Amino acid sequence: MSDIDFSKIEKKWQKAWHDKKVFEVKEDKKKPKQYVLEMFPYPSGSGLHMGHAHNYNIGDIYARFKRMQGFNVIHPMGFDSFGLPAENAAIKAKSHPKKFTEEAIANFIEQMKELGLSYDWSRKVETHKPDYYRWDQWVFLKMYEKGLVYRKKSPVNWCPECNTVLANEQVISGKCWRHEDTSVEIKHLEQWFLKITDYADELYEDLNKLDDWPELIKRLQRNWIGKSEGAEIDFIINKEKWKVFTTRPDTLFGVTFLVISAQHPRLMELVDSKQKVKVQEFVKKLHSVKEEDLDRMEKEGVFTGNYAQHPLTGEKIPLYAGNFVLADYGSGMVMGVPAHDERDYAFAKKYQISITSVVKPENNEKINAPYTGPGVLIHSEGFDGLQTAEAKEHIIKALEIKKLGRKVINFRLRDWLISRQRFWGTPIPIIYCEKCGAVPVPEKDLPVILPDKIQFSGVSNPLLTYKPFLETTCPRCKGKARRETDTMDTFVNSSWYFLRYCDPHNEKKIFDKDKAAYWCPIDMYVGGKEHACLHLIYFRFYTKFFRDLGLITFGEPAKRLFNQGFLLGPDGERMSKSRGNVVLPEVISKKYGIDVARLFLVSIASPDKDILWSDEGIDGSFRFLKRVFTYASTLKEGKSSKKIESKLHTTIKKVTDEIESFRYNLAVIRLRSLFESFEHESIAKSDFNAFIRILSPFIPHLSEELWQMSGNKGFASLSAWPAVDEKKIDEKFEQAEKAVEKTISDILNILRIVDEKKGKSNKIYVYVMPFELENYNAEELSKRVGKPVMVFSVSDKKKHDPEGKSSKAKPGKPGIYVD
């Protein structure tokens, strides 16, 4: 398409960056640091598409900008190479996951380098390598020592397609997050859990400290953690106390039934023999243990045939099994107060359960049941007449005196289920011995290595039958034992990777404390909002645990978080291989050059908004860069006018702010406008060099070429970000430019009206104040509006002005006549 070989220029500078190790960094206490990080990818076999490139481009622009500002920038990249995506893709490709994964990683690295991303590849981490996952196992053992790891039998989400357990966060509307058409089933299995709930309060409260995180992410996390104050009330069932949490202890006298989770492991102990068949049939119908899914489904239950004793009245209260109660929320049992809860009201009506009103509005207004607002207590012996807020305190006191209740804070957040019944993950460092039970692997024996030479069918976990791995000796009694065959959830691997980047080759420690203290926390973290309640909670939890171990001194992993929008394919849908709408970087690079794509991706919208891929749009970016290159090739050094100097320094000032605020699209508009202001005249070499430097984060390859063509040594990427000279900024030029832009807008509006009424217009005449004449370039105006434009001073006696429009001209607002 052009005699400018962008591809050749890009390869030249990619090689130069690599050979000179331009982006490799070490700790330097004399320089301020900046840790810029994009979430690392799953290395899928299909490789990168422009949607991925968009994400990495956003972070790379910021890293390049901070590097030029004089920061010691760490900008690493690695691969989240364990887990279901890699294993499932390997099954399809009929390849061992390791072979498949490492081929995919090699392809990813090549593609990332072709994008011109300024990564320090010497810090690469790959989570499937033993030198990484040994430290996953080490962290597991440390958590085990601190009582943050336990194993229990519990109802779990099971994906029959993945053949493994899913965490609650991985179930979307009752379907597997990886297989959107596969319904999740429920199984009761012995599983390993991390006690993230021990940090629930801190995870919740510390969101208030994250001033530079998007409000959406903080709101989603607050809802997910779900802090609520209330009471834990003891109901007697079969002579045993069952703790039931409620945020409305004021409605205790309105309880007419209890509901236990139909997934509760002890459910059948509470079922009367006459009801067992009905309850078992009911349980078989369940499909998810996730709260959102339970909320959406129709509320159903079955009577257990058993009763609870009310703690204050001693009355018998029927016990139901229900599909809307989480087994691991509190005791897995809730109060039914149908007069004051919409869900309970619908349930009571459906199963003909009595309804007792115990709160009425203060003004005695008539209301339809259920009444869920505040009011005054009624039918609550000893507490009638109290307002709801006061009644809560009094009823809790009464329960505490009887030792049948207490004030508590509860959380929706559940402990993190990390067991996965698959091969391609970090082996859990536990050994089972008939004498000693579950025994942790000694630290000196880490890592527990995932075997390479193993028959991999993909049908089930081959570790279950692979004797060289399975059979071992007990670390305590030296007797025969077997290894745990479950592997860890992949989100374990990604919960601390940012710390390993600080010291990726350390064989003796998880990382050096001093190096982590220098680089961390992350200053700018870039990734999708879809990780709000998965990775972005888990890595906050790990950070707090590492702090408590004394490895780091900070409690939050990232100071600032930026959520990029999605790149939509030409069909308007999110780019994905499965939809067949991906645009590949190598195709774009061959046709236009990757700098053109980098520029286009940030030109059309703010980076946090979804953007639509457009061939027309990328053509525009291509033409712009051709013009810049042509200008540089023919540039003869001159002296910049004061107007150009003012425009340049205003642009430097604005672009600096806009990159810092991730308003890249506005920065690009200013860069284009600056270039167009001097495109047809010579300017000072120093001013053109400044233009190259502020262009460099967006189009790094071409900028290096222009930097060299301009006679500069070294790399534009490592040159200093130009300083703003406030003395050279003249507001009158800014005001004049705004007036010209407003005039162009006015002309286009008039043309639209005239063309609609009279047909096509021919010429436009503009009348300006004499002192403003130099601000209005007829040639430039003609180009911008697509019609011939003539500019006159209002005092010009030779002007063409048949309708006297010049008399209406004012400073900053020209008169306009369309012929």
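Residues are numbered from 1 along each chain as its sequence is written, and side-chain values use heavy atoms, leaving out hydrogens and water. Because the model is predicted, local features need pLDDT of at least 70 and side-chain atom pairs count only at pLDDT 80 or more, while totals for chains, interfaces and linings use all residues.

View 1. Gln 34 sits in strand 1 (residues 33–38); strands (E, at least two residues) and helices (H or I, at least four) are DSSP runs, numbered from the N terminus. Gln 34 is buried, at 8% relative accessible area (buried means under 20%, with a 1.4 Å probe and protein chains only). Leaving aside residues up to four places away in sequence, Gln 34 touches Tyr 62, Lys 66, Phe 71, Asn 72, Val 73, Ile 74 and Asp 523 (contact means heavy atoms within 4.5 Å).

**View 2. Cys 159 and Cys 176.** Here the sulfur of Cys 176 has its closest cysteine sulfur in Cys 159, 3.7 Å away and too far for a bond. A disulfide needs a pair of cysteine sulfur atoms within 2.5 Å, and the whole structure has 0 disulfides. Cys 159 is buried, with a relative accessible area of 0%, and Cys 176 is buried too, at 1%.

View 3. Strand 28 (residues 764–768) runs parallel to strand 29, joined by 5 bridges; Ile 764 has Val 789 of strand 29 as its bridge partner.

Key. Buried < 20%, exposed > 50% of the residue type's maximum accessible area, 1.4 Å probe, protein only. Pairing = 2+ DSSP bridges.
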